[in-house]
Amino acid sequence: MCGIVGYIGPEGAAPILMDELSRLEYRGYDSAGIVTLDGDGLHLVKTRGKLQVLRDRLARDGEPKGNLGIGHTRWATHGAPSDVNAHPHLDDQGRVAVVHNGIIENYQSLRRELEKEGCVFRSQTDSEVVSQLLARRLEKCGDLLEALTSTMGRLRGAYALGVVAKACPGTLAAARKGSPLVVGLSDHGNYIASDIPALLPYTRKVYLLDEGEIALVYADHVEVYSEWGEPVEKKVYEVTWSVDAAERGGYKHFMLKEIFEQPRAIRDTLNPRLRDGRIHLEEAGLTDEYLAQVKRVVLIACGTASHASLVGRAAIEQLARVPVEWDVASEFRYRDPILSPDDLLVVVSQSGETADTLAALRLAKENGCKVLAITNVVGSTIAREADRVLYTWAGPEIAVASTKAYLTQLLCLYLVAIEMASAKGRLDAATYDRYIRELQTLSDKAQTVLTSTTAEQELAKRFCHSRDIFFIGRGLDYAAAMEASLKLKEISYIHSEAMASGELKHGTIALIEDGVPVVALSTQGAVAEKLHSNIRAVKARGAVVVCIAYGDSSVEDGVADYVLYIPRTDDLFAPLLSIIPAQLFAYYCAIERGYDPDKPRNLAKSVTVE
Ligand code: F6R
């Protein structure tokens, strides 16, 4: 998704902007640009393609001068990826430059209005209306804050903006409504960025802008205002991530690094919550008293987080015997859901910024529900707007394909399920203790799965040219199969489907023919026999079957062509281990096919538009 950066201070802006942009490359983009300002005016360089194209352009033509500037990586929404549609956008007289994340919903009517006044547009983007409108307002009133508040009054939709104006050579302006934006504070200049990783080498002190807020950023101080232009006192937020945590640390790709960080992420998420043999979730207001009276849970999320929520649904229903509704946020928000103030609505989101999940949260709050957010990003919009927050301490997840966030989301959901069951008197002490002890083994077991990746590499070599790969399972294996299938398709571009294996015979088995790979997740003892029959049925039609199964199981006898082993655990926790070989298989398939798994086509890390 688009990235915004900005700098004002004693240094030349261009190298800093380029460095900040490189730290946002993981988000996915198709064009990039920067603009700087000095006594000669605005200097704009932008181009379609990767940052290297922009770097080559700067090396050829010279770096633009100026101690103030903004930059952008664009992920096309309105208008194709092209030089002219890349940001920053200038107004038609070159007075103002704007970078924009999000979508301006009423851009067509604003554009028509401005064109009637003689304004000439160069791009097909929605963003250009902002620079055109702002430049005209600034010309009239001569005050950047007033020009920004009145421009924002005309915009509908979601946006984060970075602005520089020829008439204000000492000010970098930023505004936020619906899309994240932070201001970085330091003794050697100040910064803006849509994402904290861009700022980590420069500062750990940030202001997290709230909805509608405007920042006027100067070289030596920062002023923040409400959307009505009133001054706002901000608290400085200290970022605790290290630069190292946001960098590759010797791994070829962020995705691989993050897969290998999973044992650590499991410990970081569990350890602060397990004390004296009990689960403690009081940090999120989830006291036993509160959990005991929950009558219904509604779990809402998108993508990988929705797959984690499917496991959460099973765990909560199975252990606490509380009905759980599950939906993807983009459906939930438009289907006029039945909600009651007694419901516990749980939104799960790695980034804490996903537009659909945020809209679902707001809808639930309008209906009087209490919202619990399970999220990875401290200070994200979802974290701030939810009533309660349970953080997945996965550390920064940079790769577009979510791995360690999924595992830690599962853990948080398991903790809620076990504690709710205990608070409701549905778990005897021995079973509760057994779960706690098993949870404490999961980090080591994940480490065991990661001891060797040879089998996954070999399988990737064998299957990376397949047209389709199916993932099947029953119960929790089906939930994990959905995540396994998503991992594969999003980074290797091999078509993949996940099926509840009992459903195969109702249609999909028609696609099974000689040589089609079928990955069967086989950890759920209660339905093992049923799954084995389904495996035999696909094998009889020529499928090559790979099982993901416990090391001590016998599922493979006669049915599997290959087996990827995981250590035995309670079946409830199996998705947390069975997904790891599937993540590795997806990663190596992408590598075998020559794709960069960190930058899958058409995808963005944090989906802040609908
Ligand atoms: C897939 C992936 C996405 C996200 C989805 C929700 O690997 O990462 O499917 O899970 O876009 O994002 P968050 O969790 O940030 O709300």
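This is a predicted model: local features need pLDDT of at least 70, side-chain atom pairs count only at pLDDT 80 or more; totals for chains, interfaces and linings use all residues.
**Domain 2 against domain 3**

I started with the area buried between domain 2 and domain 3, which comes to about 2100 Å², with carbon and sulfur atoms giving 74% of that. Buried area here is the accessible area (1.4 Å probe) that two parts lose on being put together, summed over both.

Residues are numbered from 1 along each chain as its sequence is written, and side-chain values use heavy atoms, with hydrogens and water left out.

I checked the domain bounds next: domain 1 is 3-246, domain 2 is 254-440 and domain 3 is 454-592. These bounds come from an automatic or database domain assignment. The C-alpha centres of domain 2 and domain 3 are 26 Å apart. I found 28 residues of domain 2 in contact (heavy atoms within 4.5 Å) with 22 residues of domain 3.

How many salt bridges cross the interface of domain 2 and domain 3? The rule finds 1, counting a side-chain nitrogen of Lys or Arg within 4 Å of a carboxyl oxygen of Asp or Glu. I also looked up Arg 434, which forms a salt bridge with Asp 570, the closest N and O atoms being 2.7 Å apart.

For polar contacts, I got 8 residue pairs between domain 2 and domain 3, both residues at pLDDT 80 or more. A polar contact is a pair of N or O atoms within 3.5 Å; within protein, one must be able to donate a hydrogen and the other to accept it, and residues adjacent in sequence count only if both atoms are side-chain atoms.

Which elements give two or more residues to the domain 2 side that touches domain 3? They are α6 (254-260), α7 (262-270), α9 (303-320), α13 (404-423) and α14 (429-449). Helices (H or I, at least four residues) and strands (E, at least two) are DSSP runs, numbered from the N terminus. α9 gives the most, with 9 residues.

**The open sheet**

I traced 6 strands in an open sheet, ordered β5-β6-β7-β8-β12-β13, with antiparallel pairing. Two strands pair if DSSP finds at least two bridges between them. β5 (89-90) and β13 (222-225) stand at the edges with a single partner strand each, so one side of each has no neighbour in the sheet. I then looked at β6 (residues 96-104) and β7 (residues 157-165), which run antiparallel and are joined by 9 bridges. Ile 104 has Gly 157 in β7 as its bridge partner.

**Other spots**

The structure holds 35 salt bridges. In one I looked up, Arg 384 pairs with Asp 210, the closest N and O atoms being 2.3 Å apart. Arg 384 sits in helix α12 (residues 381-385) and Asp 210 in the loop between β11 (205-208) and β12 (214-217), 174 residues apart.

I noted a cis peptide bond joining His 87 and Pro 88, with omega about -5°. Pro 88 is in the loop between β4 (68-74) and β5.
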